[in-house]
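Please look over the model before reading on.

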Amino acid sequence: MFQSGIPYHETGTFKSHRTFLPDDEYGVALDNLVKGCTDILLLNPSGTHIFTGRRCVQPQPDWWFMGGRIFPGETPIQSCQRLLRRELGLDIASERFVAVCAQAFAFGMREQEPKHHGTTDAQFCYKVQLLNEDEVKKVVLDENEYSESEWKLPSEIIEGNYHPALKYAVGNMLAGNVLEKMERKVEEEDASDEEIALLAREFLKKRKDVDEVLKTSKDYKLVSKELNYETTVNSRY
């Protein structure tokens, strides 16, 4: 994402009155509301690989982000912090989260009855790079939601049979990496205009590559043997 972050505007004093909803009531809420979600691209200490989990429940029973829904009163980063603690056992300082992109989802199936009613989400995506092997060792997935996990190269995700939303986020992350490099170069006293121009061209190319992801969305096929479920995706702006 090519803004400094995702601002959180609290007008007046907000106090959360969130309560637990039984599955039947939560299902009615899902039929009428778009959930706000935060998802995270978790990078290894060298920044070369992304941690992914293969979900074994609806929605999206395939390789996916780490994350989940935002609770009322949470900033997007606070939501990311809570979810990483819950899903992976990680405590990450707020300044380590970098905004990547925003997306909207509509899934034809969900875990709550009636499952075929599906669910809709609005996503804020961030990236976080782990600092050392001690943090890597702390990563533990919930076996009730994920059947396996793997550290994947960005190119593997971009070029493979992965959901377009995951590809889109990774593409934006790669473009954002170049933008960050260009911003650092501009701060250098001895940086030349030629060096900055080269980075600017690289950034624009990677930014256009992101749009190409949407054009190939129909190539993706979701196949979940555990749930006996198959479907495709239609992505668009």
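How much space lies in the largest pocket? The answer is about 1,200 Å³. The model is predicted.

**Largest pocket**
- The lining counts 43 residues, and the closest to the pocket centre are Tyr 26, Lys 35, Gly 68, Arg 69 and Gln 112.
- Two or more lining residues come from each of H1, S1, S4, helix H2 (76-88), strand S5 (98-107) and S6.
- By class, the lining holds 20 nonpolar, nine polar and 14 charged residues.

**Second largest pocket**
- The space in the second largest pocket is about 520 Å³.
- It is lined by 27 residues, with Ala 104, Phe 105, His 163, Val 233 and Asn 234 the closest to its centre.
- S5, helix H5 (164-187) and strand S9 (229-232) each give two or more residues to this lining.
- S5 supplies the largest share, six residues.

**Helix H1**
- H1 spans residues 23-32, and its residues Tyr 26, Gly 27 and Leu 30 are buried.
- These three lie on the same side of H1, because they cover an arc of only 105° around the axis.
- Asp 24 and Asn 32 are exposed on the other side of H1.
- The buried residues of H1 pack against strand S1 (35-43), strand S4 (66-69) and strand S6 (119-129).
- Tyr 26 is buried in H1 and is also among the residues closest to the centre of the largest pocket.

Notes
Residues numbered from 1 in each chain as written. Predicted model: local features only at pLDDT ≥ 70, side-chain atom pairs only at ≥ 80, totals over all residues. Heavy atoms only, no water. Buried < 20%, exposed > 50% of the residue type's maximum accessible area, 1.4 Å probe, protein only. Helix = DSSP H or I, 4+ residues; strand = E, 2+ residues; numbered from the N terminus. Arc of directions from axis to C-beta. Contact = heavy atoms within 4.5 Å. 1 Å grid on protein atoms, 1.4 Å probe; cavity = no way out; pocket = protein on both sides within 12 Å on 5 of 7 lines; lining within 4 Å. Points joined across faces, edges and corners; volume = space filled by probe spheres on them. Nonpolar A, V, L, I, M, F, W, Y, C, P; charged D, E, K, R; others polar.
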